[in-house]
Amino acid sequence: MVKNHWCRSVSAKLFREGFGKIMSGSFLSLSSLSLAQETQEQLPAFGDTKWKLFDVSWDAPMNTVTGLTEWSRDINNVYSITTWICVFVFFAVSIPLVYTLYRFRHKAGDQAPPKQFHGNSTLEIIWTVVPVVLLLFIAVPTWRILFKHAQVPPSAMKIEAIGHQWWWEFRYPDNGNVVTANELHVPENTPVHFTVYSEDVIHSFWIPAWGGKKDALPGHKNEITLTSPPLKNANVKGGEMYQGQCVELCGASHALMRFNAVVHSKGEFDSWVKTANSPPTVETASQKAGEEVFARCQACHTIAGTPSEQLPGNKIGPNLSNFGNRKYLGAGTRMNTPENLAQWLKNPAGIKPGNLMPNLGLTDEEIAHVSSYIRQSTTKTY
Ligand code: CUA
């Protein structure tokens, strides 16, 4: 078992709780800084709407070293073995190097050039065998993890994860054919067998805190089984959230192709499934007017229980059946507020450059109505 590997007791704790967090923390800060810098430089090209990516406050950092699932702990073990091997190689090379530079430095009275020689079979065998042995120490635990996590438990729940430029669609064939977008809902501590593919270019499906990732290819279905982490707070309402991110450069808005993975208690997940396909509730005059405006959206978007469901074919826009319950809009780029939705509807390209949603030229009044329809009418209690 990888868990009992000799290296684990020495290094895993130190790595995970100290070194690993410092490394991943610095990396994340650096990448955020460079993205912020890029955003500032590119602003004029995307119109007047300022990007507010960093207004989005995530509940959980995009962190691979949290060790919340067995798979992420297994990966951390291989990381820690690799790190210690690298530390060993660094000192094994640099100490003799520094010693040699000092010991054989040029001294007054030396005759140049020094004695020349060619070839040393003993040394050559040593520096071939040592790296092979070190690589085996990394390769064997890696293979073991790959085979171990390729197993699909018979009880695994099935979900399809479909990449689109630039958002995620999730389908639940075994749970009432629920379809959702940019928000994955799962019960806690449950193996989930994902079928991952793409409707356009290559994307990659990853929830960093959960473990492995898988490419989403057009025309080919990949598979990956991830086990959702247990709830940290058993009494939490509305689930605990984890960040997901597309990790294959897939076009202009690749960085804005995020999603939210929501882990529920088993009971709460069942009631989420029951309400997910219920029709919207239209109560106010504004919601009624918004329902009429939405008729212009239904060629691309579906809301369960409305005429938009009857149109044939795969829609090119996200399913909005539970939009009111979603925390973010634009695939995790902004908080789901009336102001942000209004900005999105006025100029979708200002928030997500290059996306397929056109500017429909809606008036402020129409935007207010359609916003109250798709935000309030689709808010469900579960
Ligand atoms: Cu999709 Cu990057």
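Predicted model: local features only at pLDDT ≥ 70, side-chain atom pairs only at ≥ 80, totals over all residues.

Me: How many helices and strands does the chain have?

Reply: There are eight helices and twelve strands. The chain has 382 residues, and 45% of them count as buried.

Me: What share of the contacts with a separation of 6 or more comes from residues 24 or more positions apart?

Reply: Such pairs account for 66% of those contacts.

Me: Now helix pairs. At what angle do the axes of H2 and H3 cross?

Reply: Start with the angle between N-to-C directions; over 145 degrees counts as roughly antiparallel. Helix H2 spans residues 70-103 and helix H3 spans residues 121-149. Their axes cross at roughly 175° and come within 10 Å. H2 and H3 are therefore roughly antiparallel.

Me: Which residues of H2 and H3 meet?

Reply: From H2, the list includes Trp71, Ile75, Val78, Ile81, Ile85, Phe88 and Val89. From H3, it includes Leu134, Phe137, Ile138, Pro141 and Ile145. Charged residues take part too, among them Glu70 and Asp74 in H2 and Lys148 in H3. By class, the contact divides into twelve nonpolar, three polar and three charged residues.

Me: Are H5 and H8 roughly parallel or roughly perpendicular?

Reply: Angles of 65 to 115 degrees count as roughly perpendicular. The axes of H5 and H8 cross at roughly 95° and come within 7 Å. H5 and H8 are therefore roughly perpendicular to each other. H5 contributes Ser286, Gln287, Ala289, Gly290, Glu291, Val293 and Phe294. Among the partners in H8 are His369, Val370, Tyr373 and Ile374. Seven residues of this contact are nonpolar, six are polar and two are charged.

Me: How does H6 pack on H8?

Reply: Helix H6, residues 338-346, meets helix H8, residues 364-376, at about 125°, with the axes 10 Å apart. That angle makes H6 oblique to H8. The crossing is right-handed. In H6, the contact residues are Pro338, Leu341, Ala342, Leu345 and Lys346. In H8, they are Asp364, Ile367, Val370, Ser371, Ile374 and Arg375. The contact has seven nonpolar, one polar and three charged residues. Note Val370 and Ile374 of H8: they are listed in the contact with H6, and also in the contact with H5.

Me: Why look for one buried side on a helix?

Reply: An α-helix has 3.6 residues a turn, so residues three or four places apart point the same way. Now apply the idea to helix H5, residues 285-294. Its buried residues are Gln287, Gly290, Val293 and Phe294. They cover an arc of only 110° around the axis, which puts them on the same side of H5.

Me: Which exposed residues are on the face turned away, and what covers the buried ones?

Reply: Ala285 and Glu292 are the exposed residues on the face turned away. The cover over the buried residues includes H8.

Me: What covers the buried residues of H4?

Reply: In helix H4, residues 266-276, the buried residues are Glu268, Phe269, Trp272, Val273, Thr275 and Ala276. Their cover includes strands E1, E2, E3, E4 and E10.

Me: Take tryptophan 272 of H4. Is this residue buried or exposed?

Reply: Under 20% relative accessible area means buried. Tryptophan 272 is at 3%, so this residue counts as buried. Beyond residues up to four places away in sequence, tryptophan 272 touches Tyr172, Val178, Thr180, His185 and Tyr382. Glycine 238 is 34 residues away in sequence, yet 9.3 Å away in space, C-alpha to C-alpha.

Me: Where is valine 192, and what is in contact with this residue?

Reply: Valine 192 is in strand E5, residues 191-198. Its relative accessible area is 0%, so it is buried. Leaving aside neighbours within four places in sequence, the contacts of valine 192 are Met157, Ile159, Val186, Ile224, Thr225 and Leu226.

Me: Last one. Is glycine 219 buried or exposed?

Reply: Over 50% means exposed. Glycine 219 has a relative accessible area of 83%, so it is exposed. It is found in the loop between strands E7 and E8. Its C-alpha atom is 7.4 Å from that of tyrosine 197, which is 22 residues apart along the chain.

How values were computed. Residues numbered from 1 in each chain as written. Heavy atoms only, no water. Axes fitted to C-alpha atoms, helices over the stretch in contact; angles between N-to-C directions. Helix = DSSP H or I, 4+ residues; strand = E, 2+ residues; numbered from the N terminus. Parallel < 35°, antiparallel > 145°, perpendicular 65-115°, else oblique. Left-handed = near helix turned anticlockwise from the far one by under 90°. Contact = heavy atoms within 4.5 Å. Buried < 20%, exposed > 50% of the residue type's maximum accessible area, 1.4 Å probe, protein only. Arc of directions from axis to C-beta.
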